[in-house]
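Hello,

Here is the structure I said I would pass on. Please look it over first; my notes follow below.

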Amino acid sequence: MPRKLISANELAEFVYCAKAWELKYVRGAESSAEAQQMQIEGNAWRRTGPATRAK
Amino acid sequence: MNLQVMAAALAVLALVLVLVAARSRKRTGIPAGEVFYQDLPGQPFFGETLRSDALGISGKPDCLVRATDGTVPVELKNSSRPPARGSVYANHMVQALAYCALVEDQMKVRVPYALVIYAGQQVRKVEFTEERRQWLLRTIREVELARARLTANRNHDHRGRCAGCGVRSQCDQALL
């Protein structure tokens, strides 16, 4: 049976805190509303980000 | 306006744009080169998820730049307070290293380093050294073991991490 690949994001979560990784990836815990809002703002920064987009 | 004048004007405009782009890249630390992969649906060069069965990992860097010394993954982070002395946070580093290994394995190209760009265009370089590659492989193994155990314990003593953690209210090992 092929092993389930670990995403780079999941590796980062594990290094940040292995217990938080367990809660999110094993127990399926949802992040707080505040954390989700920060994620939305982060995604906005990624969309508008620095000058990496031009060829 | 005749065609020759228009052509000259366009040539000058193109030169100005090239100079502005080069200056911008120099200021931000982004290497000169072609962006050929982006994690932005609807944009040119929208890329598929990179996968490596050999390494057991997958991921989508924000973009890939084809530079003179190899292919460089670039990751954007919204934190406006990166760590001091030009370093990156450990979680951002392992993510950047994962992209280096994925690009190297899947595209069979040299990957000398990755860039992590924090808000405020603070660019940090993550060299893809052998020591860091080994750390990445150890971390992958740790996650695989934790998956098999279905449990893991807090692996830090930083109250700040707990303060910024989105699942702290559900954690019985939180420091706060």
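The model is predicted. I start with helix H2 of chain B, residues 90-107, which lies across strand S4 (63-67), strand S5 (70-77), S6 and S7 of chain B. H2(B) runs at about 145° to S5(B).

Those strands belong to an open sheet of five strands in chain B, in the order S1-S4-S5-S6-S7, with mixed pairing. Strand S1 (34-38) and strand S7 (122-127) of chain B are at the edges; each has a single partner strand, so one side of each has no neighbour in the sheet. From one strand to the next the twist averages 25°. S7(B) is joined to strand S6 (residues 113-118) of chain B by six bridges, and the two run antiparallel. Within this pair, Ala114(B) stands opposite Val126(B) in S7(B).

The other topic is how the two chains meet. On the chain B side 47 residues are in contact with 37 residues of chain A. Helix H1 (3-28), S1, strand S3 (57-59), S5, H2 and helix H3 (130-149) of chain B each supply at least two residues of the side that touches chain A. H2(B) gives the most to that side, with seven residues. By class, the side of chain B that touches chain A has 22 nonpolar, 19 polar and six charged residues.

Strand pairing also occurs between the chains: two bridges join strand S1 of chain A (residues 6-7) to S3(B), and these strands run parallel. Ser7(A) has Ser58(B) as its bridge partner in S3(B).

Regards

Note on methods. Residues are numbered from 1 along each chain as its sequence is written. Chains are lettered from A and ligands numbered from 1 in the order in which they are written. This is a predicted model: local features need pLDDT of at least 70, side-chain atom pairs count only at pLDDT 80 or more; totals for chains, interfaces and linings use all residues. Two strands pair if DSSP finds at least two bridges between them. Helices (H or I, at least four residues) and strands (E, at least two) are DSSP runs, numbered from the N terminus. Axes are lines fitted to C-alpha atoms, for helices over the stretch in contact, and angles run from 0 to 180 degrees between N-to-C directions. Two residues are in contact if their C-beta atoms, placed from the backbone, lie within 7 Å. Ala, Val, Leu, Ile, Met, Phe, Trp, Tyr, Cys and Pro count as nonpolar, Asp, Glu, Lys and Arg as charged, and the others, Gly among them, as polar.
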